[in-house]
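The sequence and structure are shown first.

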Amino acid sequence: MALSDLYRVYVPNQMSLEIYSKLYLALMRSLQKKGTKLAVQQKNQNFKAIMQQEYSGIMGGSDSFTIIGASGIGKSSAISRAITLITENRIIEVENPHTKIIPCICVQCPFDSSVKGLLLEILRKVDEVIGGNYYPNALRARTTTDMLIGSVSQVALNHIGLLVVDEIQNVCNSKNGKSLVGMLTQLINNSGISICMVGTPESAVFFEQAMQLARRSLGLRYDVMEYGEDFKMFCEVLYSYQYVKQRTEITDAVMTWLYEHTSGNISVVVSLIHDAQEIAILNGREVLNLESLNEAYQQRLSLLHGFIQPRQKKQTSKTKRKVSTVGMSLPDGEDHGEFTIAGLVSQAKSEGVDIVELLKNHLPVVEVAV
């Protein structure tokens, strides 16, 4: 049972620092807008939207950014840790005017990119923290999507500092994808809050389709970890958590093997070391070594073999020299006319002569003494 503690190990790196800084500054920008004259004017406009009257977004701003990275590199963990450090208290209470502000709310993008589904989820999360009735009221009123955007904008203006939308790659393969991103843009304009969109690299292709999407998706981008000091430090920390009877020390060979069989993906490294110890405990070997790691790789990670192939040494093969067979001409002023190798082969077949003799007649033969 104690072996499961491996999944709770967190080793900060440069990505953690950058994500913390980005979220903190976005939250501060959002909080600075609350209580201003523009915010009061926007509240009036949002009320018109709820009442289905003509309204406009006067807060403006392009406070959206993305955190894009490969699956399993620790984006969500880093965001969760950063939010925990930024928000010591779950709620910020303001005296004048008296209101409760939630520093950060995390929601997941619906698998079908439903605009209404995401808006209702935001209201449900707000109710969960401050104990409001926004979600049941919205269900009871059977509000339209436009009315719901006005209602959520009002709630965000009053109670939300930063909104994090995870799994944003769901917009790529859905017909409602652009509608959902458009709704988030409208939410920024009508509430002034910062919105962080988190997803895998395939979402970057979606945001690059149009200027209005690309402009709102500038942010941080990460790939799997390179083999260097950060990766070695992570392996050393993780390897120190051993729950088998015979303790072993990590070596450079083990770290190299781990990198080759995980391609630097942090979550796969954790799973591999966890399963290797589990197998070693179950079969009575009780030691974490390359044999246990390889057994775990073959038995437990078979589904990932297609995505994570062990790196092999590059094979250097001599490139075959291609001889052009079109329009070859002879040197030394010898004029045999232009010819092609294919033409000579056809001639040799039709006349029944040796192709070598024909080549000798058309190409000069030079003897070199060795």
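This is a predicted model: local features need pLDDT of at least 70, side-chain atom pairs count only at pLDDT 80 or more; totals for chains, interfaces and linings use all residues.

## Helix packing and nonpolar cores

Local features need pLDDT of at least 70 and side-chain atom pairs 80 or more, whereas totals for chains, interfaces and linings use all residues. Residues are numbered from 1 along each chain, and side-chain values use heavy atoms, without hydrogens and water.

The axes, lines fitted to C-alpha atoms over the stretch in contact, come within 9 Å and cross at roughly 50°. The crossing of α1 past α3 is right-handed, that is, the near helix is turned clockwise from the far one by less than a right angle. Contact means heavy atoms within 4.5 Å; the residues involved are tabulated below.

| Helix (DSSP run of H or I, at least four residues) | Residues in contact |
|---|---|
| α1 (residues 14-33) | M15, S16, I19, Y20, L23, Y24, L27 |
| α3 (residues 75-86) | K75, A78, I79, A82, I83, L85, I86 |

By class, this contact has twelve nonpolar residues, one polar and one charged.

A nonpolar core joins buried residues (under 20% relative accessible area, 1.4 Å probe) through side-chain atoms within 4.5 Å. The largest has 34 residues, of which L163, I168, L180, L184 and I195 touch the most other members. Helix α4 (115-130) is among the elements that each supply at least two residues, and its eight form the largest share. A second, separate core of 32 residues includes L6, W257, Y259 and A276.

Definitions and conventions:
Axes are lines fitted to C-alpha atoms, for helices over the stretch in contact, and angles run from 0 to 180 degrees between N-to-C directions. Ala, Val, Leu, Ile, Met, Phe, Trp, Tyr, Cys and Pro count as nonpolar, Asp, Glu, Lys and Arg as charged, and the others, Gly among them, as polar. Buried means under 20% relative accessible area, exposed over 50%, partly exposed in between (1.4 Å probe, protein chains only).
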